[in-house]
Amino acid sequence: MNSIRTSNSPESGVQCPEENPETGVPSPQSFDGPGRSPESKSNTIKKISDGLLSLLFPSACASCGRYIKDFKYHYVCVPCYESIKRLEGALCKTCMKPLDAGYLTECGDCERGERYFTNIAAGGVYSGALKELIHLIKFYERKKIAKLLAEFVIENIMDCAIKWADVIVPVPLSKKVLAGRGYNQTALVAKILADKFNIPYVEAVKKVRDTEPQNKLERKDRLKNLKGVFEEDSSVAGKKVLVVDDVYTTGATMNEMAKTLKMAGAIEVRGIVVARSV
Ligand SMILES: [Zn+2]
Ligand SMILES: [Zn+2]
């Protein structure tokens, strides 16, 4: 086994250098899924009806429920798509967590914790229309949304963050979840990115057992939950690996993936996520 290093070096950052420029299925009654912040009852009911409306009537926006006049983005209306929040302001250079104090460059989690990945780049904030789109692709078989999510990522992160990679690896699902869903939504997005940038796509990591959905666990239990859950193959040895995931919350999954890939000999691991919780 190769020795593995964490990536807390000061030069690591989300920006590209110039030279190289869970699985729990929420019921349709909880469209927001578990772990959401408390909302007023009426707001929740409104959101449920919006989400269900879009399933029953594909011409209804999955985010606001209004009739979609312009089908530029299909499942959501143009105003909702355009109002997806981007990660802006002072952000942690490693995990893009918004920072309270502008003078900091890294959040407490990254500074304290062992990060095996150098950094992540995120398309947008996990809320609003972006959250609804991720729920639709993940739990309601709207596979075509993968293209929209991949385009969203490309639109919002620098090309060099993708071109940097020797190989693109998606976060896997367990066999059981994959069999139930029929596809890995993250893999669909990763494949589109790989094809677009002509980078080899490799499913180099397998998820060897089921885990509790990460969003149902306390922070301290998340790492424990993932311990030993991924199994790597040697195809990433000596490569710069870009891991693609749909949602980044605490970074436990990304970190465990990076650790696994480094054990398999990857020289550096970075991440691309469609959305980041804030
Ligand atoms: Zn809308
Ligand atoms: Zn951080």
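These are my notebook entries on what I looked up in this predicted model.

**Entry 1: confidence**

I began with the pLDDT. The chain has a mean of 83, and 79% of its residues reach 70 or more. Over residues 7-13 the value is below 50, and that stretch makes twelve contacts in the model beyond near neighbours in sequence. I also noted residues 18-40, where pLDDT stays under 50 and the model has 34 contacts beyond four places in sequence. A reminder to myself: where pLDDT is low, the predicted coordinates should not be read in detail.

**Entry 2: the sheet**

In what order do the strands of the open sheet stand? I read E1-E6-E5-E2, four strands with parallel pairing. E1 (120-125) and E2 (167-170) are at the edges with a single partner strand each, so one side of each has no neighbour in the sheet. On average, neighbouring strands are turned by 20 degrees against each other, direction ignored.

Next I went through the pairings. E2 and E5 (residues 240-248) run parallel and are joined by four bridges. Two residue pairs went into my list here: Val167 has Val241 in E5 as its bridge partner, and Val169 has Val243. E5 and E6 are also parallel, with eight bridges between them. For Asp245, the bridge partner in E6 is Val273.

Is E5 enclosed or open to the outside? I found it largely enclosed by the rest of the structure, because eight of its nine residues are buried.

**Entry 3: helices on the sheet**

H4 (residues 128-139) lies across E1, E5 and E6 (268-276), and its direction makes about 105 degrees with E6. H10 (residues 252-263) lies across E1, E2, E5 and E6, at about 160 degrees to E5.

**Entry 4: the core**

Which residues have the most contacts inside the largest nonpolar core? They are Leu133 and Leu149, in a core of 74 residues. Domain 1 (30-83) and domain 2 (94-276) both contribute residues to this core, so it lies between them.

Leaving aside neighbours within four places in sequence, its contacts are Ala62, Tyr75, Val76, Ile145, Leu148 and Leu149.

**Entry 5: Tyr126**

Tyr126 sits in the loop between E1 and H4. Is Tyr126 buried or exposed? I make it buried, because it has 21 C-beta neighbours inside 10 Å and the cut-off for buried is 20 or more. Not counting residues up to four places away in sequence, Tyr126 touches Lys131, Val247, Ala275, Arg276 and Ser277.

**Entry 6: Asp159**

My last stop was Asp159, in helix H6 (residues 159-163). Asp159 counts as exposed, because 12 other C-beta atoms lie within 10 Å and exposed means 12 or fewer. From Asp159 to Phe197 I noted 38 residues along the sequence and 8.7 Å in space, C-alpha to C-alpha.

How values were computed: Residues numbered from 1 in each chain as written. Chains lettered and ligands numbered in written order. Predicted model: local features only at pLDDT ≥ 70, side-chain atom pairs only at ≥ 80, totals over all residues. pLDDT = per-residue confidence, 0-100. Contact = placed C-beta atoms within 7 Å. Pairing = 2+ DSSP bridges. Axes fitted to C-alpha atoms, helices over the stretch in contact; angles between N-to-C directions. Core = buried A, V, L, I, M, F, W, Y, C linked by C-beta atoms within 7 Å. Domains from an automatic or database assignment.
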